[in-house]
Amino acid sequence: MPQKILIIEDDIAFGQMLKNFFLKNAWQSEVCSTAKDARANIDSSTYDIILSDLRLPDSNGIDLLCEIKEIHPNTPVVLMTGYAEVGTAVAAMKKGADDYISKPFTPDEILMVINQAMQLSRATTIQKSADSLVSKVKSDTQENILEGVDEKSKKLQEHIQLVAPTDMSVLITGESGTGKEVAAKAIHENSNRKRNNFIAVDCGAIPKELATSEFFGHLKGSFTGAVNDKIGHFEAANGGTLFLDEIGNLSYENQVQLLRAIQERKIKRVGSTDEILIDVRIISATNENLQNAVKKNAFREDLYHRLNEFSVEVPALRERLEDLLVFAEHFLKKANDELNKDIIGFSKEAIALFQKYSWPGNLRELKNVIKRAVLLSTKTYIDIDALPKEVINVDNYNDGFSASFSKSNYEKEQIVRALKKTNFNKSKAAELLQITRKTLYNKISHYNLDV
């Protein structure tokens, strides 16, 4: 894809000569002779680089430079100066100019300066992207796994401590909202990679067409919409841990690409022929049965075994009720801090309802219920009047279930309730169930629900 340059030069003959020179060198080039025309061009089009004279008939080149950098901070700008203006050009670089060249110059000199400015700008953009991503991830990884007292919780903690120091790929299973990402972070924080990046990716939220770019990155212009170089998740996680949540939602084609990257330990950005060596630990998570997906040819068996060198199951909250109050107290403290409140605990009636409720949304639901209750409470403790109706009306909510109800029947019932509650709007139902829309479709198909 040809690169595009805007030339701002008040000497019309010289500007046309530059335009023809760049056209012969496979650039798309446009030329204008005033700052006013330049502003119009920049407003209506996007350029890979701008080459501007320092002196213009209707503006100072430095003022125009500042305007351009404010609107398009990542677009490199090279200034053309007279011999006596070098000092001014150096000052301009402090205001954001990427380089300058003194007139007169040869064709080879201007081409070299332009290419160097492009390469420097690309490297800077990639680094900013990586720094931003790393900063976000580090800010999101501060919460440690909740340590419960239930036997299943202790087993989970033992498995995390056992596998964390290794480089084994880990598959984390469990229902939505149980804390699979928190478990993944705990594995990373207890590993030899803890000083490097933890990159979390929601595979269910990545469109199939963009998955390759998201995982491996791309070069500017490699496809429609690729307006800047982009660093991929594998490259951002190099030396650290890549967490692939909702791994079962990846398309078969994307599974093939993922398998190849894991096996070969190298990737290529979209639009590039250069291979990048990677050293990444893979932790993946799913709330689906991947073994069943393998049997149905919906998930590659070889990828499954690559991801499942060690498996960790995060139990549902209803399966470790001994931990309920431990977790509730933890979320109460967090909610108090976030909402600047001072709630000291829970009433006996509220605790009784908590223990009776089945918590289909697991820890995520418990956290949300308590935060809402802290916000609503006017007393020094949380009473039942601050709880949502599904918790208060727990007997009605669980009608139709025997003491030995199965997980599948329970899940099926929750899906039906959510669909009815949202008037069969699948997007809203998925949001209510706190799962992705694709996961909801898969479960509707799995349970043969007539919706």
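This is a predicted model: local features need pLDDT of at least 70, side-chain atom pairs count only at pLDDT 80 or more; totals for chains, interfaces and linings use all residues.
**View 1. Helix α13 comprises residues 324-339**. At 1.5 Å a residue, the 16 residues of this helix should span 22 Å. The end C-alpha atoms of α13 are 22 Å apart, so the model agrees with that expectation.

**View 2. Helix α13 has buried residues that other elements cover**. The buried residues are Leu324, Phe327, Ala328, Phe331, Leu332, Ala335 and Asn336. An α-helix has 3.6 residues a turn, so residues three or four places apart point the same way.

**View 3. Five strands with parallel pairing form an open sheet**. Their order is β9-β10-β13-β8-β14. Because β9 (198-202) and β14 (310-313) each have a single partner strand, they stand at the edges, and one side of each is left without a neighbour in the sheet. On average, neighbouring strands of this sheet are turned by 20 degrees against each other, direction ignored.

**View 4. Strand β9 runs parallel to β10, and helix α7 packs on the sheet**. Five bridges join β9 to β10 (residues 241-245). Within this pair, Ile199 stands opposite Leu242 in β10. Helix α7 (residues 180-189) touches β8 (170-173), β9, β10 and β13 (281-286). The direction of α7 makes about 150 degrees with that of β8.

Terms used: Residues are numbered from 1 along each chain as its sequence is written. Side-chain values use heavy atoms; hydrogens and water are left out. Helices (H or I, at least four residues) and strands (E, at least two) are DSSP runs, numbered from the N terminus. The expected span of a helix is 1.5 Å times one less than its number of residues. Buried means under 20% relative accessible area, exposed over 50%, partly exposed in between (1.4 Å probe, protein chains only). Contact means heavy atoms within 4.5 Å. Two strands pair if DSSP finds at least two bridges between them. Axes are lines fitted to C-alpha atoms, for helices over the stretch in contact, and angles run from 0 to 180 degrees between N-to-C directions.
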